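Open the model in your viewer and keep the selection tool at hand.

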Amino acid sequence: MAKKKIFSGIQATGNLHLGNYLGAIRNWVKLQADYDNYFCVVDLHTITVPQDPEVLRANIREVAGLLFASGLDADNSVVFVQSHVRAHSELAWILNCITPMGWLHRMTQFKEKSEKQKDEVSIGLFDYPVLQAADILLYDADLVPVGEDQKQHIELCRDIAQRFNYRYGDLFVLPDAYIAEVGGRVMGLSNPEKKMSKSEEKKDDAIFLLDSPDQIRAKVKRATTDSMREICFDDNRPGINNLLTIYQLLTEKSKAAIVEYFSTKSYKDLKEELAEVIAESLRPLQERYRELTGEKGYLDQKLDEGARLADEAAERKLKAVQDKIGLR
Ligand code: TYM
């Protein structure tokens, strides 16, 4: 029986963090053997906000390198860069022509991002979720493993697919979001009321995947907690809850075992132990990253091969779309 398909993407902004890893990348690695997978560095999404060309070029490579270093492997997964496969832009245009603007006005991420940008907001930023729908629909993805913040975009993708299928006849698979129960929303260290993000202003809020053990220790030490003493999972105490959740995700111990273990310990102990767990968990990934980026030509060869395979699948689907709507 043919395997079900997975598609997911990640932007080419630098500084991938623990939220990206625990909410998305780690799940991709865990799921990859049971599915046919496409994982994409979505550089065309990245340019919906201004980017310095040199920095963007470097970030695309850094993110791709980190995906391989995390354990995505070419036997199971096609890993590629979005702009290397032209069908993404072309299908996005076609989907633009059937997507009502009102649907995009409802997107909460657009509202948040456009508030920060004010007059500079591009049409690309507004249209971002349609390009995301094109990414997913090109590969007939059944499942889209993402963090919670992407849920609305996947729902929109289903709506667009349904509208197309209704107008032109069944062609697109309706994808489901896969959001881990724990880890779907890793919170910031300095502001645990908000999700951990790549924000430039608050560098202490996120643990970056390439942070050194000392940087990790310093950030965890400064993490916001509260004035209570008891160490327990409690949604009303977002700081401690987040630290314990990260600990749980990385050690894969049960909540009960964790609470029992820390019952006689202090916040300081928790922070020290958590910092070591994070540093140890990231160590193999960082070593592998250094190895593969040190090997000349390795990344280019992998990404060329990924683009070739993705392009084959995407072109096939794009042609089927063109047939349906009368362009061919
Ligand atoms: P991006 O690049 O912002 O994030 C990549 C993945 O990381 C997840 N994530 C988190 N998960 C848990 N806690 C957090 N604090 C956290 N921060 C980020 C995101 O949910 C995401 O899964 N629009 C997408 C990229 C995209 C895409 C796609 C995803 C483009 N096309 C098609 C899926 C399918 C984005 O900006 O992800």
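Contact here means heavy atoms within 4.5 Å. Helices (H or I, at least four residues) and strands (E, at least two) are DSSP runs, numbered from the N terminus. This is a predicted model: local features need pLDDT of at least 70, side-chain atom pairs count only at pLDDT 80 or more, and totals for chains, interfaces and linings use all residues. Residues are numbered from 1 along each chain as its sequence is written, and side-chain values use heavy atoms, leaving out hydrogens and water.

**Stop 1: helix α9.** Select residues 213–222. Ile 216, Lys 219 and Val 220 are buried here (under 20% relative accessible area; exposed is over 50%, partly exposed in between; 1.4 Å probe, protein chains only). Seen down the axis of α9, the buried residues fall within an arc of 95 degrees, so they line one face; the arc is that of the directions from the helix axis to the C-beta atoms. Now show α12 (267–294), which is part of what covers them. Turn to the face of α9 away from its buried side: Asp 214, Lys 221 and Arg 222 are exposed there.

**Stop 2: Gln 11.** Select strand β1, residues 5–11, and find Gln 11 in it. Is Gln 11 buried or exposed? Buried, with a relative accessible area of 18%. Its contacts beyond four places in sequence include Leu 16, Val 42, His 45 and Lys 198. Tyr 128 is also touched.

**Stop 3: the chain.** Zoom out. The chain has 13 helices and 5 strands. Of its 328 residues, 50% count as buried. The C-alpha trace spans about 70 × 45 × 45 Å along its principal axes.
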